[in-house]
Amino acid sequence: MATAVVIDGAFFLRRFNKAFPGLDAASADDVAFGVVCLAAFHVSIRLQATPGWFGATGPAQAAQESAELYRIFFYDCPPLTKRIHTPVGRRSINLATTPEARLRLAIHDRLHRTRKVAVRLGRLNDKLSPWRLKPQALDRWQKDGFAPADDDFELDVIQKGVDMRLGLDIAAMAYKRQVNQIVLVAADADFVPPAKLARREGVDIVLDPLGAHAAPDLLQHVDGVRSCRLDVTSLAQGAAS
């Protein structure tokens with residue numbers, strides 16, 4: 001039996017710089033490389049492999065071709081690509097042309113073309129008024145009062161369908177006996193139900209919060225915690241050569 005790596009994409013991208021110093025979170029190639037390195041890290045520990053296994057041919061080939069790795073699942077949402085207006089100045093913004101949207105689409109495209117990676121996409125909410133005050137601006141407003149400007153607001157978006165897809169995939173793998181270990185890269189309590197279900201079915205659940213503080217009730221329903229932190233700069237250079 002094999003290991004599946006299940007990744008909350010938004011969480012992974014927020015923690016990327018902490019987990020992979022030396023890689024560039026603004027590079028789709030580096031993000032995809034980090035995803036594969038994370039899988040190789042956990043598979044190598046399960047195999048009780050020496051560091052040479054991880055680095056001899058590069059983590060991409062070692063992990064992706066190992067029978068011990070079933071698949072890497074990456075859950076995320078496409079960026080908003082509509083036109084909106086800023087809340088105060090009413091300036092038109094085409095979200096499809098923002099650096100953030102272009103990077104997210106590039107990451108998804110790169111992962112789609114990465115061996116043993118399955119990208120599962122939900123959607124972002126499409127509210128009529130997608131703006132909210134930044135926390136610091138709200139505190140300043142409540143304390144001193146001020147006339148807000150466009151820079152005091154940020155997009156208020158919520159992922160839809162991501163948790164459901166993640167939970168369904170975990171349940172399917174557990175019920176079908178496709179894997180006997182799942183590495184869950186997340187920290188949110190929303191993932192307690194699928195973790196509990198998989199454990200009841202005999203699956204070994206390893207939580208990787210990438211060094212972040214995980215929800216206490218999530219910690220109660222996993223079989224162990226192991227945070228990946230790799231300086232893979234030298235490996236990245238080797239893979240590129």
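Residues are numbered from 1 along each chain as its sequence is written, and side-chain values use heavy atoms, with hydrogens and water left out. Because the model is predicted, local features need pLDDT of at least 70 and side-chain atom pairs count only at pLDDT 80 or more, while totals for chains, interfaces and linings use all residues.

The overall picture comes first. The secondary structure of the protein chain comprises 11 helices and 12 strands; helices (H or I, at least four residues) and strands (E, at least two) are DSSP runs, numbered from the N terminus. The chain has 241 residues, and 45% of them are buried. Here buried means under 20% relative accessible area, exposed means over 50%, and partly exposed lies in between, with a 1.4 Å probe and protein chains only. A contact is a pair of residues with heavy atoms within 4.5 Å. Among contacts between residues at least 6 apart in sequence, 67% join residues at least 24 apart.

Leaving aside neighbours within four places in sequence, Phe12 is in contact with Ile7, Phe20, Val31, Gly34, Val35, Leu38, Phe74, Val185 and Leu210. Leu210, one of these partners, sits in the loop between strand 11 and helix 10 (216-219). Leu210 is buried, at 3% relative accessibility, and has a positive phi of about 55 degrees although it is not a glycine.

Charged pairs come next. The model contains 8 salt bridges, each a side-chain nitrogen of Lys or Arg within 4 Å of a carboxyl oxygen of Asp or Glu. In one of them, Arg132 pairs with Asp156, the closest N and O atoms being 3.2 Å apart. Arg132 lies in strand 7 (residues 131-133) and Asp156 in the loop between strand 8 (153-155) and strand 9 (159-160), so the pair ties together parts that are 24 residues apart in sequence. Arg132 is partly exposed at 38% relative accessibility, whereas Asp156 is buried at 15%. Glu154 joins Arg132 and Asp156 in a network of salt bridges.

Another salt bridge links Glu201 with Arg177, with 3.1 Å between the closest N and O atoms. The two belong to distant parts of the chain, 24 residues apart: Glu201 is in the loop between helix 9 (192-200) and strand 11 (204-208), and Arg177 in the loop between helix 8 (162-175) and strand 10 (181-185). Glu201 is partly exposed at 25%, and Arg177 is partly exposed at 47%. Arg177 also has a phi near 55 degrees, a positive value in a residue other than glycine. Gly202 is found in the loop between helix 9 and strand 11 and is exposed, with a relative accessible area of 59%. Gly202 and Val179 are 23 residues apart in sequence and 10.0 Å apart in space, C-alpha to C-alpha. A further salt bridge joins Arg113 to Asp109 at 3.2 Å between the closest N and O atoms; Arg113 is exposed at 54%, while Asp109 is partly exposed at 39%.

Finally, there is open space to explore. On a 1 Å grid over the protein atoms alone, a pocket is an open set of points where a 1.4 Å probe fits, with protein on both sides within 12 Å along at least five of seven lines, and lining residues have an atom within 4 Å of a point. The largest pocket contains about 1,100 Å³ of space, where grid points are joined across faces, edges and corners and the volume is the space filled by probe spheres set on the points. Of its 33 lining residues, the closest to the centre are Ala10, Arg104, Leu124, Val157 and Gln159. Helix 1 (9-14), helix 6 (99-112) and helix 8 are the elements that give two or more residues to the lining, and helix 6 provides the largest share, 6 residues. The lining divides into 22 nonpolar, 2 polar and 9 charged residues; Ala, Val, Leu, Ile, Met, Phe, Trp, Tyr, Cys and Pro count as nonpolar, Asp, Glu, Lys and Arg as charged, and the others, Gly among them, as polar.
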